[in-house]
Amino acid sequence: MKNYSRRRFINRAVKGGMAIGAMASAMPLSAGCVAESTAKNLPLAGEFDICVLGGSCTGVFAAVRAARLGAKVAVVEKQNCFGGVATSSLVNIWHSIYDTEHKIQIIAGLTTETVERLKKRNAVVTNENNPNSYYRFNSQELKIELDELVVENNVTPFLHTLFSEPRLDADGRLAGVIIDNKSGRSLIRAKYFIDATGDADLCLRLGLETYESGMLQPPTTCAHLENWDSAAFSATLKAHGAEFNIPDGFVWGGNLPSTKTYMLAGTRIYGRNCAIADDLTQAEIEGRRQIRAIMDMMRKYSPESATALTALPSYIGIRETLHVKCLYQVSDEDAMYGKRFDDAIASGSYRLDLHHHDKPGITFKYLDGTEDYSRPGYPGVKGRWRPEMPVDPTFYQVPLRSIIPQKHSNLMVAGRMLDAAAIAFSGIRVMVNMNQLGEAAGVTSYLALSKNIPVSRVSAKDVRETMRRGGSIVI
Ligand SMILES: Cc1cc2nc3c(=O)[nH]c(=O)nc-3n(C[C@H](O)[C@H](O)[C@H](O)COP(=O)(O)OP(=O)(O)OC[C@H]3O[C@@H](n4cnc5c(N)ncnc54)[C@H](O)[C@@H]3O)c2cc1C
């Protein structure tokens with residue numbers, strides 16, 4: 001596991017060839033924050049109780065839960081829409097909301113509320129027989145649904161707006177964030193902050209301790225294709241992928257409901273950490289090159305199943321970059337043995353899903369102790385990662401402490417930068433789980449605000465009860 005302070009992360013980026021311009025824009029003015037005098041001269045974009053940075057479902061759900069409790073909330077998103085990987089990167093699959101035996105419902109809240117809203121638009125299908133592809137939805141309809149959720153709940157949206165730098169008060173308390181958008185630079189003041197940027201942008205710029213898990217899951221550029229033939233693709237890739245320099249080892253996807261459009265997640269870019277500007281640029285270009293290579297390969301060797309490329313994502317699908325050191329790290333054993341926590345704020349049943357960074361394929365580890373090494377076009381290799389136990393766990397949990405950073409009393413993280421070891425993270429990272437982390441962060445920040453206390457001093461019992469009252473299942 002590699003630890004990164006902000007300075008070390010920048011040093012690594014420089015050694016890795018980060019462009020001077022990109023580095024300059026990432027460099028801290030002083031200890032990672034904008035000087036008070038500079039910030040004072042900036043126009044005020046707004047004053048809020050809670051400011052959420054990053055508007056994936058994680059960020060939007062955090063904002064909506066806090067707003068429903070009565071907080072004045074802003075959500076800042078750099079893309080033109082909300083939804084993050086689920087919309088901008090085209091990933092349109094949510095996993096099961098039940099335990100592994102499909103007996104106990106473990107997830108509800110805004111996840112199921114959003115699914116019910118999508119159903120009214122014929123924009124989601126449910127497959128109860130497949131926990132790994134439980135909901136397939138239309139990412140474009142989800143964009144509109146999230147707009148409506150934000151507006152209906154009086155959350156103030158900032159789209160096309162990049163969070164740039166934090167602003168500290170004289171006493172060192174996080175007091176605001178500098179944003180950049182069409183209107184220039186401005187300041188948002190707030191009492192509490194939630195970093196839901198996926199890449200820990202706020203935490204990194206605050207100089208908080210971050211780390212790579214040691215098994216960095218590779219990013220993937222997805223694509224929309226017409227009349228896709230998955231079987232033909234896997235066979236052709238196995239036979240001819242090397243000729244087109246297409247890395248072998250991973251295919252995932254699903255049809256958009258009521259369309260002939262297939263979302264293919266069939267590329268992978270090794271050795272790039274997309275929290276580093278230059279890695280992100282190179283990954284975007286390499287991801288699109290691989291999509292073109294896939295199309296060329298299919299035209300040459302499988303012309304009968306050749307298809308049309310109809311859409312590319314507005315940003316590459318990022319599985320993992322950095323994790324923030326919090327009050328507790330979810331260990332691999334916690335997830336693999338389904339440890340229960342008194343301060344659990346989320347339960348998940350998605351298999352532990354290790355996208356190898358150093359070899360083709362994926363290893364799935366299941367809570368019943370079995371595992372499966374899977375590589376497209378090759379038979380799976382089944383085995384056990386532990387001996388049989390009298391009773392297997394049917395879900396794992398995430399404690400509240402793993403989304404509360406060790407410093408800054410008015411800051412939480414939500415999303416894939418949570419504090420989790422590599423194998424635990426490989427399962428926790430999926431969206432139905434991230435959605436719950438967002439809701440928990442929104443509720444906890446509201447409770448801290450209402451009592452004017454640090455987020456670390458909010459009672460987990462209160463968080464769990466308030467989440468339940470708002471529609472979440474909290475076990
Ligand atoms: C190819 C691929 C396939 C996957 N398949 C599945 C699947 O089938 N099912 C599943 O559930 N999960 C899947 N995952 C995992 C899942 O999508 C991610 O783990 C999850 O989306 C992480 O959510 P997040 O909110 O933490 O991050 P993100 O979805 O990345 O959201 C971060 C948000 O913050 C915004 N942001 C970032 N920096 C800034 C900034 N400085 N200022 C303002 N805004 C900012 C981004 O634009 C984005 O909207 C997949 C991931 C990938 C990449």
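Begin by selecting A232, F233, T236, L237 and H240 in α8 together with I294, M297, M298 and Y301 in α9, which are the residues through which the two helices meet, contact being taken as heavy atoms within 4.5 Å. These residues divide into seven nonpolar, two polar and no charged, where Ala, Val, Leu, Ile, Met, Phe, Trp, Tyr, Cys and Pro count as nonpolar, Asp, Glu, Lys and Arg as charged, and the others, Gly among them, as polar.

This is a predicted model, in which local features need pLDDT of at least 70 and side-chain atom pairs count only at pLDDT 80 or more, while totals for chains, interfaces and linings use all residues. Residues are numbered from 1 along each chain as its sequence is written, and side-chain values use heavy atoms, with hydrogens and water left out.

Now extend the selection to the whole of α8 (residues 230–240) and α9 (residues 277–301), whose axes lie 10 Å apart and pack at an angle of about 95°. The two helices are therefore roughly perpendicular to each other, a label that covers angles of 65 to 115 degrees. Axes here are lines fitted to C-alpha atoms over the stretch in contact, and angles run from 0 to 180 degrees between N-to-C directions; helices (H or I, at least four residues) and strands (E, at least two) are DSSP runs numbered from the N terminus.

Next, select α5 (residues 109–119) and α12, whose axes come within 8 Å and cross at roughly 120°. G109, L110 and T111 of α5 make this contact with V432, N435 and E439 of α12.

Finally, centre on the ligand: which of the 31 residues around it come nearest? They are S56, T58, E77, R429 and M431, a residue being near if one of its heavy atoms lies within 4 Å. A polar side-chain atom of S56 lies 2.5 Å from a ligand oxygen, and a polar backbone atom of M431 is 2.7 Å from an oxygen atom of the ligand. Colour the shell by class to find 14 nonpolar, eleven polar and six charged residues, and then highlight β8 (162–168) and α12 (431–451), each of which supplies at least two residues of that shell.

Methods
Polar contact = N/O pair within 3.5 Å; in protein donor to acceptor, adjacent residues only side chain to side chain. Parallel < 35°, antiparallel > 145°, perpendicular 65-115°, else oblique.
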